[in-house]
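Work through the exercises below with the model open. Try each task before you read its solution.

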Amino acid sequence: MTEDLVSDEQLAEQLDYYSRRAPEYDDWWLRRGAFDKGKAENDAWFAEAGLALGALQTAELGSEVLELAPGTGTWSVHLAPRAARLTLVDGSAAMLARNPVAGLPHVRTEIADLFTWDTGDRYDSVVFTFWVSHVPRERLRPFFAKVSSWLRPGGTVFFVDDSPASVAEPHVAAVAGQTMRRRLSNGDGATVVKNFYTAGELIDAAGRAGIDVQIGDTGRFFQFGVGHRR
Ligand SMILES: C[S@@+](CC[C@H](N)C(=O)[O-])C[C@H]1O[C@@H](n2cnc3c(N)ncnc32)[C@H](O)[C@@H]1O
């Protein structure tokens with residue numbers, strides 16, 4: 001499917017979109033504004049979010065934690081109290097500026113492109129939330145290979161992402177192959193990558209990289225993975 005490959009320009013557009021979305025990003029998670037679907041639907045969302053958070057809370061994170069694409073910190077706030085050192089790597093200064101743990105003494109932040117970033121450091125755990133769906137299919141195996149290389153043997157990986165139900169969200173204008181057209185509240189548009197990987201695809205990509213992962217879902221909204229580097 002060479003016609004469906006994602007270019008570097010598209011990845012740059014995706015990152016730029018998140019910088020522009022930063023001021024309104026949390027409306028999605030907190031079900032505010034256009035994302036407010038009424039009490040029953042919102043409660044269902046928050047209940048499932050709680051299940052995903054529960055999976056993170058029971059995962060062994062160790063003391064040195066790396067969070068990829070932490071954004072405004074919805075999940076960083078649950079990592080920072082458990083880590084002796086937390087490293088946040090995101091390409092958007094605007095997103096990181098809204099991350100409440102970014103200024104803490106034991107938290108290090110780095111603004112970098114995750115499609116080229118690398119480090120010689122090794123971590124007890126690597127966490128990425130609502131990120132793997134933005135990784136192009138042709139980069140999924142290399143991505144997990146990198147994650148594996150950043151983990152100590154026995155280290156933990158945790159991730160969570162949207163289920164395909166998210167195509168019905170109000171900021172989705174169109175879907176085409178592995179990309180999705182998004183709109184901001186001011187009407188501006190942007191194209192992002194959005195892949196709903198199956199459990200089998202994630203298990204395979206992680207497994208090839210030496211990470212044994214188990215995939216769960218919360219029902220309607222979220223899929224999560226917990227695994228360990230062999
Ligand atoms: C869907 S948000 C997820 C944010 C957060 N993890 C959460 O759960 O809400 C995607 C994040 O990826 C970041 N991002 C997008 N492209 C990136 C890239 N090429 N390198 C690093 N970060 C990138 C965005 O700035 C944004 O913070």
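## Exercise 1: a strand residue

M180 is buried, at a relative accessible area of 2%. The model is a predicted one.

Task: find the element that holds M180, and state how far its C-alpha atom is from that of Q14.

Solution. 
- Step 1. Locate the element. M180 is in strand β7, which spans residues 179–183.
- Step 2. Check the burial. The cut-off for buried is under 20% relative accessible area. M180 has 2%, so M180 counts as buried.
- Step 3. Take the C-alpha separation. M180 and Q14 are 166 residues apart along the chain, and their C-alpha atoms are separated by 10 Å.

## Exercise 2: the ligand shell

Task: which residues come nearest to the ligand, and how does the shell divide into nonpolar, polar and charged residues?

Solution. 
- Step 1. List the shell. There are 19 residues around the ligand, and Y25, A69, D90, L114 and T129 come nearest.
- Step 2. Sort the shell by class. It holds 12 nonpolar residues, five polar ones and two charged ones.
- Step 3. Find the site. The ligand takes up the space of the largest pocket.

## Exercise 3: polar atoms at the ligand

Solution. 
- Step 4. On its own the ligand has 600 Å² of accessible area, and the protein covers 99% of it.

## Exercise 4: positive phi

Task: what are the phi values of R31 and F130, and where in the fold does each residue lie?

Solution. 
- Step 1. Recall the background. Most residues other than glycine have a negative phi.
- Step 2. Read R31. Its phi is near 55 degrees, a positive value in a residue that is not glycine. R31 is in the loop between α2 (26–30) and α3 (39–58).
- Step 3. Read F130. Its phi is positive, about 55 degrees, and F130 is not a glycine. F130 is in the loop between β4 (123–129) and α6 (140–150).
- Step 4. Check burial. R31 has 5% relative accessibility, so R31 counts as buried. F130 is buried as well, at 9%.
- Step 5. Look for a partner. The R31 side chain makes a polar contact of 2.7 Å with the side chain of E169.

## Exercise 5: two loop residues

Task: are T72 and N195 buried or exposed, and which loops hold them?

Solution. 
- Step 1. Classify T72. Its relative accessibility is 4%, so T72 counts as buried. The T72 side chain makes a polar contact with the side chain of D26, at 2.6 Å.
- Step 2. Classify N195. Its relative accessible area is 4%, so N195 is buried.
- Step 3. Take the C-alpha separation. N195 and P164 are 31 residues apart along the chain, with C-alpha atoms separated by 8.7 Å.

Terms used:
Residues numbered from 1 in each chain as written. Predicted model: local features only at pLDDT ≥ 70, side-chain atom pairs only at ≥ 80, totals over all residues. Heavy atoms only, no water. Near = heavy atom within 4 Å. Areas by Shrake-Rupley, 256 points an atom, 1.4 Å probe, with all protein chains shown as cover. 1 Å grid on protein atoms, 1.4 Å probe; cavity = no way out; pocket = protein on both sides within 12 Å on 5 of 7 lines; lining within 4 Å. Sits in = over half its atoms within 2 Å of the grid points. Nonpolar A, V, L, I, M, F, W, Y, C, P; charged D, E, K, R; others polar. Helix = DSSP H or I, 4+ residues; strand = E, 2+ residues; numbered from the N terminus. Buried < 20%, exposed > 50% of the residue type's maximum accessible area, 1.4 Å probe, protein only. Polar contact = N/O pair within 3.5 Å; in protein donor to acceptor, adjacent residues only side chain to side chain.
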